[in-house]
Amino acid sequence: MLRPFRKYKKSGREESVQPDFSRLPRHIAIIMDGNGRWATMRGLARTAGHRVGSETFRNIATLCNDIGIEYLTVYAFSTENWARPKTEVDTILALLGQYLREAIEEIPKKNISLRIIGDQAPLPDELKALIQRADALSTNSTGLHVNVCINYGGRAELVHAVRRIMTSGIEPSAIDEDTISANLDTAGIPDPDLIIRPSGEIRTSNFLLWESAYAEYYFTPVLWPDFDRDELYRAICSYQARSRRFGAI
Ligand code: IPE
Ligand code: IPE
Ligand code: MG
């Protein structure tokens, strides 16, 4: 039976919703979209939207940790986002650096682990050093696994996987789906159960192409800087109201 996941008060405002915390999705992935529009609507520079968006990310990651989500993967910067003006790209990378510096402090305290997904080669050296440090500190954490996709693209990821598989010398007939999964940037991470895209766009924009084969999608017009606890809970409630059949009946 489908359970209602959106309730409206007489005033027209949405009431907050409570998911069933005993059967949460194990892995939530989010395309953090809409920062630019959020800023433009307010007469601000797009970079202001990225700043507020990075705060939203901190809040949502903390909430996911608090409610017991195991994996949170966020799309922060795509292989295609290099096409943006240099000042915008520099701001996004600087904000990621700032987040990593904070995360390095918080990883042991909060028992979270942080993994950066994507091709690090073109990233600034300072960012690469922070990524290495966060990675090393994360090995003993048992709480929320946060995966941040930076210079990530699903197609680029598959190209790298094919190259790795070819170089390994494996017999073509021995290649199976597990071989591909094991050679992706996301190797070892379970596939996402729920993929959320705010901002009103109904597309994947090259996010987790292989891994999303059986993910449930949730789209909302809310822009990422405005995404909050109620929005996350609505997405989880929508997910919990669905029947995942994986091709069976
Ligand atoms: C998402 O917000 C952040 C990145 C892609 C880095 P956008 O910057 O794409 O915001 P919109 O879609 O232009 O509003
Ligand atoms: C997807 O958003 C990438 C990230 C959120 C990092 P985009 O804003 O780049 O996607 P398009 O261009 O609208 O497809
Ligand atoms: Mg966008």
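A residue is counted as near a molecule if one of its heavy atoms lies within 4 Å of it. By this criterion ligand 1 has 13 residues around it, of which Met32, Asp33, Gly36, Arg37 and Arg84 come nearest. The structure is a predicted model, in which local features need pLDDT of at least 70 and side-chain atom pairs count only at pLDDT 80 or more, while totals for chains, interfaces and linings use all residues. Residues are numbered from 1 along each chain as its sequence is written, chains are lettered from A and ligands numbered from 1 in the order of writing, and side-chain values use heavy atoms, without hydrogens and water.

The chain contains seven helices and six strands, assigned as DSSP runs (helices H or I, at least four residues; strands E, at least two) and numbered from the N terminus. From the N terminus on, the order of elements is β-α-α-β-α-β-α-β-α-α-β-β-α. The radius of gyration is 19 Å, close to the 18 Å that the globule rule gives for 249 residues, so the chain is as compact as a globular protein of that length. The radius is taken over C-alpha atoms, and the rule is 2.2 Å times the number of residues to the power 0.38. Along the principal axes, the C-alpha atoms fill a box of roughly 65 × 50 × 35 Å.

An oxygen atom of ligand 1 lies 2.7 Å from a backbone N or O atom of arginine 37. The corresponding distances to polar backbone atoms are 3.1 Å for asparagine 35 and 3.3 Å for glycine 34. Taken alone, ligand 1 exposes 380 Å², of which the protein buries 88%; accessible areas come from the Shrake-Rupley method with a 1.4 Å probe. Helix H1 (35-41), helix H2 (46-67) and helix H3 (86-110) are the elements that give two or more residues to the shell of ligand 1. H1 gives the most, with three residues. By class, this shell has three nonpolar, five polar and five charged residues, with Gly counted as polar.

Side chains make polar contacts with oxygen atoms of ligand 2: the distance is 2.6 Å for serine 205, 2.8 Å for arginine 203 and 2.9 Å for asparagine 81. The protein covers 78% of the 390 Å² of accessible area that ligand 2 has on its own.

Ligand 1 sits in the largest pocket, and ligand 2 also sits in the largest pocket. A pocket is an open set of points on a 1 Å grid over the protein atoms alone, with protein on both sides within 12 Å along at least five of seven lines. A molecule sits in a pocket if more than half of its atoms lie within 2 Å of its grid points.

Key
A polar contact is a pair of N or O atoms within 3.5 Å; within protein, one must be able to donate a hydrogen and the other to accept it, and residues adjacent in sequence count only if both atoms are side-chain atoms. On a 1 Å grid over the protein atoms alone, a cavity is a set of points where a 1.4 Å probe fits but cannot get out, and a pocket is an open set with protein on both sides within 12 Å along at least five of seven lines; lining residues have an atom within 4 Å of a point.
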